[in-house]
Amino acid sequence: MPSFVGRVCVNCVMDESDPFISFDEKGVCNHCKEYKEKATKKLVPLNQREAEFKRIISKIQTEGKGKKYDCILGISGGTDSSYMAYLAKKNDLRPLVVHFDNGWNSELAVKNIENILSKLEFDLETFVIDWEEFKDIQLAYLKAGVIDIEAITDHAIAGTLYKLAGKHNIKYILSGYNIVTEAILPNAWVYNKQDHINIIDIHNKFGTIPLKNFPFFDSISRKKYINAKGIKTINILNYIDYNKKEVQQILKDELDWRDYGGKHYESIFTRFYQGYILPTKFNVDKRKAHLSTLICSGQITRDEALKELGEPIYDFEQLKTDKEFVLKKLGLSEKKFEDIMKQEPVPHSDFKVGTGSIYDEYKWLKPLKPILSSIKRK
Ligand SMILES: [Zn+2]
């Protein structure tokens, strides 16, 4: 049986582990409604989608004429980014493919990336993060007790992609973010990936070494690359009829790609974070959001989602191996880690947050602390 917190939506599988979830009189949650709104706003109607996709591809090609690359894309070895690379090849784009290595790649991820690149014959640039710095920020986030430890990776990936795009005079960044498999994600479960002020403040309070190489994407960089150079991000998967199961089959058949058995499980840290830290400390099972998105986009039924949620989030042996690996790599003792896990969650907004409209919506996260505590006591 899936383990739910409080009330569950009758349409998807979201529950009150999202402290801000609301239900209408029929028992349908706000995420189901917001999914529809997002899909209407961000997705081109199916009958016009192909034409719009072709128009975008041709624009990228035209503007990239005479340049070594016409676009840039980040590859993790996961479904979305792998398929994006495949799609680029199919449509004669000439991307610079970038892999961001934060030290946590699984062997399978490395293998998948190698297979994909050798089949598609694209140039690969691997950006290896300064591990001592990255470790120091990850430890700072763990000690701070904030929820979105992955925000630092996402922030650094954006920073790296924009900088490389600038360096190679590339106008378009292709992003694998897509509505039909990712739209639902409660604000309380993540934090604004763009807020470098928050990263700096958390690191100032809990870090131990100065950050000299971390690829911050601050407001000056944003102005430089987005406003001045006009670099644009395109969520290209929103312009096709994107079906996760079908896409994974294509990747397996054509690129010798292998499944990781979980969203973003190409990274060992992410697997441990989503499979252990989030559910144990924050009472968050991200599968609920992923599966709910797939229900809303009609890619699975609610019964299928319930069945999947009934499976353990982590294989016991895998958890043991991963925990040992993660603690050793971070230099954390078992005792210190258990202390961190027992600490009350702390909202990101207990630290400095960036100013300006894009950050304002996060200020209301302040009341999250007592709500999270009350959920934990249930
Ligand atoms: Zn719902």
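In helix α12, the residues Arg 287, Lys 288, Ala 289, His 290, Leu 291, Ser 292, Thr 293, Leu 294, Ile 295 and Cys 296 are buried. A residue is buried if 20 or more other C-beta atoms lie within 10 Å of its own, exposed if 12 or fewer, and partly exposed in between, with C-beta atoms placed from the backbone. Helices (H or I, at least four residues) and strands (E, at least two) are DSSP runs, numbered from the N terminus. This is a predicted model: local features need pLDDT of at least 70, side-chain atom pairs count only at pLDDT 80 or more, and totals for chains, interfaces and linings use all residues. Residues are numbered from 1 along each chain as its sequence is written.

**Helix α12**

- Because 10 of the 10 residues of α12 (residues 287-296) are buried, the helix is largely enclosed by the rest of the structure.
- The cover over its buried residues includes α1 (30-42), α7 (179-182), α10 (244-255) and α13 (302-310).
- Gly 298 follows α12 and has a positive phi, near 75°.

**Confidence**

- pLDDT is the predictor's confidence in each residue, from 0 to 100.
- The protein chain averages a pLDDT of 92, and 93% of the residues score at least 70.
- Residues 357-378 have a pLDDT below 50. Beyond near neighbours in sequence, this stretch has 33 contacts in the model.
- Two residues are in contact if their C-beta atoms, placed from the backbone, lie within 7 Å.

**The sheet**

- Five strands form an open sheet in the order β3-β2-β1-β4-β5, with parallel pairing. Two strands pair if DSSP finds at least two bridges between them.
- The edge strands are β3 (123-128) and β5 (232-235), and each pairs on one side only.
- Neighbouring strands of this sheet are turned by 30° against each other on average, direction ignored.
- Axes are lines fitted to C-alpha atoms, for helices over the stretch in contact, and angles run from 0 to 180 degrees between N-to-C directions.

**Strand pairs**

- β2 and β3 run parallel and are joined by six bridges. Val 98 has Glu 125 in β3 as its bridge partner.
- β1 and β4 pair in the parallel sense over two bridges. Here Leu 73 has Leu 174 in β4 as its bridge partner.
- β4 (residues 172-175) and β5 run parallel, joined by four bridges. Ile 173 stands opposite Thr 233 in β5.

**Cover on the strands**

- β4 is covered on both faces. Tyr 172 and Leu 174 on one side are buried, and so are Ile 173 and Ser 175 on the other.
- β3 is hardly covered: among its six residues, the count of buried residues is zero.
- β2, helix α4 (residues 107-120) and β3 make a right-handed β-α-β unit. A crossover is right-handed if, with the strands pointing away from the viewer, the path from the first strand over the helix to the second runs clockwise.

**Nonpolar core**

- The largest nonpolar core has 84 residues. Such a core is a set of buried Ala, Val, Leu, Ile, Met, Phe, Trp, Tyr and Cys residues joined through C-beta atoms within 7 Å.
- The largest share of this core, eight residues, comes from α6.
- The residues with the most contacts inside the core are Cys 71, Ile 72, Leu 73, Met 84 and Tyr 141.
- Cys 71 touches Ile 60, Gly 64, Leu 93, Pro 95, Ile 170, Tyr 172 and Leu 174, not counting residues up to four places away in sequence.

**Ala 151**

- Ala 151 is in helix α6.
- Ala 151 counts as buried because it has 21 C-beta neighbours inside 10 Å.
- Leaving aside neighbours within four places in sequence, Ala 151 is in contact with Tyr 191 and Lys 193.
- Ala 151 and Tyr 141 are 10 residues apart along the chain, and their C-alpha atoms are separated by 9.8 Å.

- Most residues other than glycine have a negative phi.
- Asp 256 is not a glycine, yet has a positive phi of about 55°. It sits in the loop between α10 and α11 (268-282).
- Asp 256 is partly exposed, with 14 other C-beta atoms within 10 Å.
- Asn 283 also has a positive phi, near 60°. Its place is the loop between α11 and α12.
- Asn 283 is partly exposed, with 17 other C-beta atoms within 10 Å.
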